[in-house]
Amino acid sequence: MGRRRRKRARVRVVPKRKLPTIFECPSCGATAVSVSISKGKEKVVRVVCSNCHLMGVYEYNPYLSPVDYFSKFLDEYEEGRLSQATLGEGDEGGEEDGES
Ligand SMILES: [Zn+2]
């Protein structure tokens with residue numbers, strides 16, 4: 001059936017515990033890169049572009065701030081070490097998976 005039309009005009013309020021820190025993606029240029037810290041057993045920090053799904057995962061370090069992870073992300077991007085995240089990981093329960 002139809003493809004969904006994507007609207008990007010509306011700013012969605014995110015009620016989740018995501019950090020509001022958004023940076024500009026070096027790959028697609030969208031200001032859609034978020035830094036999220038998952039605090040499970042293994043603390044990791046994910047830097048993900050929600051537009052093109054470029055992703056970097058880093059060890060959590062309490063002395064670093066989101067922008068520090070983002071600069072690692074940029075470095076790795078420059079070195080060509082980043083890859084796109086797989087779509088549909090399903091652990092964030094988002095509604096933003098429109099591609100199939
Ligand atoms: Zn991007």
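Two strands are taken to pair here if DSSP finds at least two bridges between them, and with that in mind the tour of this predicted model can start at the sheet.

Widening the selection to residues 54-59 shows strand 4, which pairs with strand 5 in the antiparallel sense over two bridges.

Next, display the whole sheet, which is open, has five strands in the order 1-2-3-4-5 and is paired in antiparallel fashion. Strand 1 (22-24) and strand 5 (83-84) stand at its edges, and because each has a single partner strand, one side of each is left without a neighbour in the sheet.

Then move to the zinc ion, whose protein donors are the SG atoms of C25, C28, C49 and C52, lying 2.3 Å from the ion. Along the chain these donors follow the spacing C-x2-C-x20-C-x2-C. Two of them, C25 in the loop between strand 1 and strand 2 and C49 in strand 3, link distant parts of the chain, being 24 residues apart.

What is the arrangement of the four donor atoms around the zinc ion? They subtend angles of 106 to 116 degrees, and the arrangement is therefore tetrahedral. For comparison, the ideal angle for four tetrahedral donors is 109.5 degrees.

Finally, colour by accessibility: C25 counts as buried because its relative accessibility is 2%, and C49 likewise counts as buried, at 0%, the cut-off for buried being under 20%.

Key:
Residues are numbered from 1 along each chain as its sequence is written. This is a predicted model: local features need pLDDT of at least 70, side-chain atom pairs count only at pLDDT 80 or more; totals for chains, interfaces and linings use all residues. Side-chain values use heavy atoms; hydrogens and water are left out. Helices (H or I, at least four residues) and strands (E, at least two) are DSSP runs, numbered from the N terminus. Donors are N, O and S atoms within 2.8 Å of the metal (3.2 Å for Na, K and Ca); water is not among the atoms, so sites may look incomplete. Four donors count as tetrahedral if all angles lie between 85 and 135 degrees; four count as square planar and six as octahedral if opposite donors are over 155 degrees apart and all others between 65 and 115; anything else is irregular. Buried means under 20% relative accessible area, exposed over 50%, partly exposed in between (1.4 Å probe, protein chains only).
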